[in-house]
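Hi,

Here is the structure I said I would pass on to you. Have a look at it first, then read my notes below.

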Amino acid sequence: MKNRFDLEQEISTLYSYSEQLSGISEGILEYNMSSEDVVNAIEGLRVMLNLHTQKMMDTLSQCFHLDQYRFDHPKQFHE
């Protein structure tokens with residue numbers, strides 16, 4: 001089961017997405033990225049952020065014993 005330190009680590013990982021966006025900006029301004037490359041880069045970041053958000057929500061649920069991680073969840077009684 002994950003704890004608050006795992007959640008803090010996952011939150012701090014969000015800074016890497018900021019760095020990646022900075023890289024896209026640099027690519028647009030300094031290297032004349034094509035609009036297709038820009039859209040592909042942004043779409044890739046969108047997918048990665050969605051996956052990271054799902055992971056963070058699962059960690060949050062584990063930290064606070066929500067949803068399937070509840071202590072009284074029926075699934076735990078059948079294991």
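What follows is a short tour of the helices, a surface patch and a loop.

First, some ground rules. This is a predicted model, so local features need pLDDT of at least 70 and side-chain atom pairs count only at pLDDT 80 or more, while totals for chains, interfaces and linings use all residues. Residues are numbered from 1 along each chain as its sequence is written, and side-chain values use heavy atoms, with hydrogens and water left out.

Let's start with the helix pair. Two packed helices are described by the angle between their axes and the distance between the axes. Here, helix 2 (residues 14–31) and helix 3 (residues 35–63) have axes that come within 11 Å and cross at roughly 175°. That makes helix 2 roughly antiparallel to helix 3 (angles over 145 degrees count as roughly antiparallel). Helices here are DSSP runs of H or I with at least four residues, numbered from the N terminus. The axes are lines fitted to C-alpha atoms over the stretch in contact, and angles run from 0 to 180 degrees between N-to-C directions.

Which residues meet? Contact means heavy atoms within 4.5 Å.

Is Val38 buried or exposed? Val38 counts as buried, because its relative accessibility is 15% (buried means under 20% relative accessible area, exposed over 50%, partly exposed in between, with a 1.4 Å probe and protein chains only). Apart from neighbours within four places in sequence, Val38 is in contact with Ile28 and Met33. Leu21, in helix 2, is partly exposed at 47%.

Now the surface. Ile11, Leu14 and Leu49 make a nonpolar patch of about 220 Å². Patch residues have over 30% relative accessible area and no salt bridge, with nonpolar side chains (Val, Leu, Ile, Met, Phe, Trp, Tyr) joined within 5 Å and like charges within 9 Å. A salt bridge is a side-chain nitrogen of Lys or Arg within 4 Å of a carboxyl oxygen of Asp or Glu, and areas come from the Shrake-Rupley method with a 1.4 Å probe. Ile11 sits in helix 1 (residues 4–12) and is partly exposed at 42%.

Last stop: the loop between helix 3 and helix 4 (74–77), where you'll find His65. His65 has a positive phi, near 55°, and Asp67, in that loop too, has a positive phi near 50°.

Happy exploring!

How values were computed: Helix = DSSP H or I, 4+ residues; strand = E, 2+ residues; numbered from the N terminus. Parallel < 35°, antiparallel > 145°, perpendicular 65-115°, else oblique.
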